[in-house]
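Please read them alongside the sequence and the coordinates.

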Amino acid sequence: MATISGASAVALHSLSPSDVDFLQSLPKAELHAHLNGSIPLQTLVDLSHEHLTLSPDSAEEIAETIARLKSGLMLDGISDFFPLFREIYAITSTPSALSRVTRDVLDSFLKAQSVPPAGFTYKPVPECTYIELRTTPRATAHMSRYTYLTTVLDEVEKFSADQAALIVSIDRRMSEADAKECVDLAITLRAAGRRVVGLDLCGDPEKGDVGTFEKHFKRGKDAGLGVTLHIAEAKASTTAESLALLGWRPDRLGHATFLSDEHKASFFGDRNGSVYKPCIEICLTSNFISKTVQSLESHHIRYYLAKDHPIAICTDDTLAFRTTLLGEYAQLLAKPPLGLGLRREQVRRIAAMSMEARFK
């Protein structure tokens, strides 16, 4: 069963049954969902019990992490978010555990759940029409990066190509050698007909030198992979870094919270006779809980809506942020101050934008 709380729950509660039906009926794509951040809580609890039979010495840390997730995550800032994954990665470090979480995450988005989230009475339908699930391949004591990716792909490919695909994420804290290996694997698997459609740059925005990875992302793009980059995600993100990343000409941008008006004007208008309009992956609840945005009133989604710039509404990490794609869309339709108060036709257009921004 999905868990939903906070701003998305309040917005969803405020909608009429007709409004909920409307949102559920829209074809929509989830384009920014991290595998290990979207594990259903009960799945994580089940797997933690199995993990502790093999590694009982980590019991205290895992119990603390699950307790935080159950009670609702409270963060002082975005950098507080990333340490949470140490225990999650430990729990999902075997092929069998990874297969289980991938299957359950895909099911949570693409199959109707048996009951709605606690406190709601609407009839569940699939959260989205299509998902590009993203994950960073990890080498563990139990599997190589190749095995990691093929394990995930085995589950992704149980759905049709019109329903699910995989984005390979490169963590900006990686060494260049590790990043090269991940990109090589993405290119090789795509060439072999596996359903890898893109590359992502992710990780703590205050870590790493993104210039290290430019040539590898270019190789991926030349091989036909789409490119999406977490960009200007934190106040500490520098203007120079954003300029460099935009120079890669990514197809989509993740968050883009602190992208300057100068960058927007320079890159999203006419340039050498062409128009560059990368789709912005918007994760409302994630931004609020990470404290990168204080409210809907000040959210950068308003800029992109005013400019009719392509956006996609996404969840980011449903496990950590206790939201659903329906809850994120509810914040578009709900009346202020609970939501943006958009008209149905505007919301329909936003959902269509997400479908148009899919990687091929």
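1. The model is predicted, and the points below should be read with that in mind. I begin with helix α15, whose buried residues are Leu-325, Leu-326, Gly-327, Glu-328, Tyr-329, Ala-330, Gln-331, Leu-332 and Leu-333. Since nine of the nine residues of this helix, which spans residues 325-333, are buried, α15 is largely enclosed by the rest of the structure.

2. The largest nonpolar core has 102 residues, and within it Leu-23 and Leu-332 are the ones with the most contacts. Helix α6, residues 95-110, contributes the largest share of this core, namely seven residues. A further core of 13 residues lies apart from it, and its members include Ile-167, Cys-279, Cys-314 and Met-355.

3. Which residues does Leu-332 contact, once its neighbours within four places in sequence are left aside? They are Leu-284, Ile-301, Ile-313, Leu-340, Gly-341, Leu-342, Val-347 and Ile-350.

4. At least two lining residues come from each of α5 (85-91), β2 (130-135), β3 (164-171) and α12 (284-289), with α5 giving the largest share, three residues. By class, the lining of this largest pocket consists of 10 nonpolar, 14 polar and nine charged residues.

5. The second largest pocket has a volume of about 330 Å³. It is lined by 20 residues, and Ala-2, Thr-3, Pro-40, Ser-108 and Thr-318 are the ones that lie nearest its centre. Helices α6 and α14 (318-321) each supply at least two residues of this lining, and α6 gives the most, with four residues. The lining of the second largest pocket divides into nine nonpolar, seven polar and four charged residues.

6. For the largest pocket, by contrast, the largest share of the lining, three residues, comes from α5.

Key:
Residues numbered from 1 in each chain as written. Predicted model: local features only at pLDDT ≥ 70, side-chain atom pairs only at ≥ 80, totals over all residues. Heavy atoms only, no water. Core = buried A, V, L, I, M, F, W, Y, C linked by side-chain atoms within 4.5 Å. Buried < 20%, exposed > 50% of the residue type's maximum accessible area, 1.4 Å probe, protein only. Contact = heavy atoms within 4.5 Å. Nonpolar A, V, L, I, M, F, W, Y, C, P; charged D, E, K, R; others polar. 1 Å grid on protein atoms, 1.4 Å probe; cavity = no way out; pocket = protein on both sides within 12 Å on 5 of 7 lines; lining within 4 Å. Points joined across faces, edges and corners; volume = space filled by probe spheres on them.
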